[in-house]
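Here are my notes on this one, jotted down as I went through it. Have the structure open while you read.

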Amino acid sequence: MKNNLNSMQQAAIKHIKGPLLIFAGAGSGKTRVLTHRIAHLIEKGVDPYNILAITFTNKAAKEMKERAAAIADNSDRCWISTFHSACVRILRIDIDKIGYNTRFSIFDAADSERLIKDILEELNLDTKLYPAKYIASVISGQKNELKTPDDFYKASAGDFNKSNIAEVYNLYQQRLKLNNALDFDDIIFNTVELFKQCPDVLERYQNRFYYIMVDEYQDTNNAQYMLVSLLAKKYQNICVVGDDDQSIYGWRGANIQNILNFNKDFPKAKVIKLEQNYRSTKTILGSANSVISNNVTRSEKSLWTENISGEKIKVYKAENERDEAAFTAVTIKLAVQNGAKYSDFAVLYRTNSQSRPVEDRFVISDIPYRIYGGIRFYERAEIKDLLSYLKAIDNPSDNIALTRIINVPRRNIGKITIQEVQQYAYENGISMYYAIKESDQMPKLTPRATVSLEKFANLLDGFSDFAATNTITAVIKKVLADTDYIKSLQDGTVEAANKVENINELLTKAVEFENANPEEPTLSAFLAEVSLVADIDNYEEQADTVSLMTMHSAKGLEFANVFIAGFEEGIFPTYRSATSGNLDDLEEERRLCYVGITRAKQTLHLTWPASRIRQGREMNSAVSRFIKEIPQDNYEYVYMQGRSTTTKPPISPRKAIAEKQVNPYRKEIPAPKNKPFNFSVGDRVRQMRYGAGEIIAIDSAGADYEVTIKFDIAGEKKLMANLLKLVPEN
DNA sequence: GTTTCTAATATTTTT
DNA sequence: TATTAGAAAC
């Protein structure tokens with residue numbers, strides 16, 4: 001079993017007692033080491049029940065579980081899970097000891113923001129000065145530092161803005177409690193709180209988790225650090241794995257010092273460095289090493305590989321984003337014609353919005369792809385609606401969920417009525433659900449509103465009764481049936497059909513969940529799982545598609561061929577990080593660049609458009625400064641195959657580098673003239689929103705045309721030609 | 001109470 | 001530019 005492990009890896013696996021810090025460079029076989037370490041512990045007679053392994057993503061947890069199961073007996077008795085899932089599991093049992101109900105809901109970012117907006121309005125705070133998103137990030141930051149509203153208030157030292165935010169934070173926590181809800185940060189915060197307040201509970205888990213492993217330790221924030229420290233304090237059998245060069249979550253509170261100071265916290269810690277890379281070619285790895293060596297704050301290390309030198313990195317300067325995407329598509333197509341698989345390719349970018357042009361081009365070129373990130377499945381409106389029904393059934397105190405569905409589908413309960421219910425609920429210190437039950441006590445309500453509310457309450461009660469004795473799948477089906485939800489969606493648009501598809505997908509997920517958790521398929525557990533998944537968790541290795549994702553999402557993955565798109569100043573590094581004057585920001589961007597480059601096994605393409613349209617304006621771009629940090633011998637400029645007229649003549653790398661680095665440089669583009677309209681009556685066309693149809697009339701309307709189209713599904717619509725995005729049907 | 005329009009906002013990354 | 005939230009109109 002251990003034949004294929006190098007001496008450092010073996011040393012890491014065999015170290016059992018006492019603290020251990022593993023610096024695991026990119027592609028150094030980190031997951032192998034962790035899983036073999038679990039197997040080794042079990043082989044040496046450790047009860048898997050006493051092993052805890054913590055990861056950041058469900059995907060990593062799943063992979064570790066599968067790989068451990070393949071080489072160790074009874075590994076399913078270990079706890080292998082994310083920080084958040086592990087903490088939810090702990091809190092479901094004991095959170096009542098610190099004054100919460102064990103049937104709490106989990107609020108996602110959107111729920112939190114909604115709540116903050118309500119509070120800002122209530123406190124009469126100007127949302128211009130205090131944007132909800134900003135407040136949410138401040139509160140999150142405080143929680144990651146384990147600071148209560150009171151702590152924050154005291155620390156604000158009379159600063160007017162800070163005290164105001166502290167007040168919002170204070171109310172926010174009260175409201176969460178009233179809703180019987182926790183946000184993401186509370187999940188960690190309250191587990192730490194539970195351990196601090198209840199030493200008996202802490203000791204129980206200390207004794208249980210005799211061996212602790214933490215993956216991606218460089219990404220832990222202070223709350224997570226405290227959690228791990230508390231658990232490991234008694235027996236000190238803690239093994240943390242990480243790579244300070246891959247710390248890319250500083251903006252989310254990750255504290256790189258946690259890994260750099262590990263030997264201060266545990267002076268007896270053994271430190272092992274895994275520096276042999278098994279993933280990339282010498283050229284790729286050398287380039288990554290060269291880039292990251294420009295960072296000042298890092299522990300010294302040098303990754304090396306026995307792999308071949310491989311091809312040079314290819315750099316492509318595109319005219320614009322469409323050209324950039326076209327180059328990517330052509331290159332992939334060509335490789336696939338020569339025997340490569342689509343799944344060998346990934347297109348990585350800095351921001352989710354960059355996926356759009358790539359996606360457009362791939363559709364045209366008929367390249368199968370899968371996008372990870374962006375709008376997550378569980379954030380889609382129709383899914384949130386249904387989940388809100390489930391949340392309201394599971395936790396009647398959840399006012400946010402209740403407010404979301406009280407008039408969805410429309411049931412004649414308007415804004416005024418909802419406000420009245422809200423106010424009554426706050427005044428009487430009860431949830432909106434119970435307030436509705438007393439709607440006859442609210443003098444301002446019309447009899448009609450009261451009837452609507454009563455009907456709604458009966459509907460919910462019916463669901464609750466049903467849920468007590470039926471499966472989750474059955475409950476979802478009943479909600480759909482009794483509310484006529486699907487029917488309310490249908491408006492003939494393509495989006496509506498997608499929504500129905502998404503709902504079916506949710507039903508599939510529910511069935512999967514029930515099959516995976518036969519002993520306890522509770523609604524609470526399902527909702528918690530659903531709240532804590534990331535899009536990347538659904539990454540399928542088998543599917544033969546090109547993967548599109550941000551470099552953040554790509555961490556932990558590897559691909560034979562990688563394209564990094566938008567390799568330009570202002571995008572990567574971001575304008576903000578380049579201009580903030582804070583060296584840490586730029587260093588984090590550079591670490592992200594290191595992560596991006598080291599995803600590639602065989603080939604790497606760096607592309608950027610000489611001009612791009614941002615927020616409606618065309619802007620010229622200069623190549624990213626990071627390209628200067630790659631040795632010149634490691635890369636070469638390339639040009640698109642079979643294309644000469646539209647691409648400008650080649651320029652030397654040197655000249656490209658010398659190009660203006662000041663960015664952004666803005667240039668207004670003239671307002672579009674009336675575009676010619678190239679369709680006539682009788683043409684079959686396709687439109688984004690309404691799908692296929694036939695043009696039945698074209699009328700002149702001032703500078704524009706008014707086009708009447710009879711759509712196959714949506715029926716007849718009159719639309720302005722300028723606003724339409726019409727294409728011929730085929 | 002519902003629909004339609006306007007205006008603001010966005011572009012950093014997410015458990 | 002594209003999307004979305006809030007306001008005005010119906």
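1. Start with DNA strand B. In this predicted model, 25 residues surround DNA strand B, and the closest are Phe 56, Arg 350, Arg 410, Thr 417 and Ala 534. Sorted by class, the surface near DNA strand B has 12 polar, seven charged and six nonpolar residues.

2. Next, the phosphates. The side chain of Arg 410 puts an N or O atom 2.5 Å from a phosphate oxygen of DNA strand B. For the side chain of Arg 576, the corresponding distance to a phosphate oxygen is 3.0 Å. With Asn 352 it is the backbone that takes part: one of its polar backbone atoms is 3.0 Å from a phosphate oxygen of DNA strand B.

3. On to the cis peptides. The Val 408 to Pro 409 bond is cis, with omega near -5°, and Pro 409 sits in the loop between helix 18 (399-405) and helix 19 (415-427). Phe 572 and Pro 573 are also joined by a cis bond, with omega about 5°; Pro 573 is in the loop between strand 13 (559-564) and helix 27 (575-579).

4. One backbone angle to check: Asn 124 is not a glycine, yet it has a positive phi of about 60°. You'll find Asn 124 in the loop between helix 5 (109-122) and helix 6 (132-144). Most residues other than glycine have a negative phi, and most peptide bonds are trans.

5. What is its strand order? It runs 3-2-6-7-1-8, an open sheet of six strands with parallel pairing. Strand 3 (79-82) and strand 8 (270-274) are the edges, each pairing on one side only. From one strand to the next, the twist averages 15°. Looking inside, strand 2 (residues 51-55) pairs with strand 6 (residues 211-214) in the parallel sense over four bridges, and Ala 53 stands opposite Met 213 in strand 6.

6. Two helices on that sheet: helix 2 (residues 30-43) lies across strands including strand 1 (20-24) and strand 7 (238-242), and runs at about 175° to strand 6. Helix 4 (residues 83-94) touches strand 2, strand 3 and strand 6, its direction making about 115° with that of strand 3.

7. Finally, confidence. Chain A has a mean pLDDT of 85, with 89% of its residues at 70 or more. Over residues 644-675, though, pLDDT stays under 50, and the model has 44 contacts there beyond four places in sequence. Where pLDDT is low, the predicted coordinates should not be read in detail.

How values were computed. Residues numbered from 1 in each chain as written. Chains lettered and ligands numbered in written order. Predicted model: local features only at pLDDT ≥ 70, side-chain atom pairs only at ≥ 80, totals over all residues. Heavy atoms only, no water. Near = heavy atom within 4 Å. Polar contact = N/O pair within 3.5 Å; in protein donor to acceptor, adjacent residues only side chain to side chain. Nonpolar A, V, L, I, M, F, W, Y, C, P; charged D, E, K, R; others polar. pLDDT = per-residue confidence, 0-100. Contact = heavy atoms within 4.5 Å. Pairing = 2+ DSSP bridges. Axes fitted to C-alpha atoms, helices over the stretch in contact; angles between N-to-C directions.
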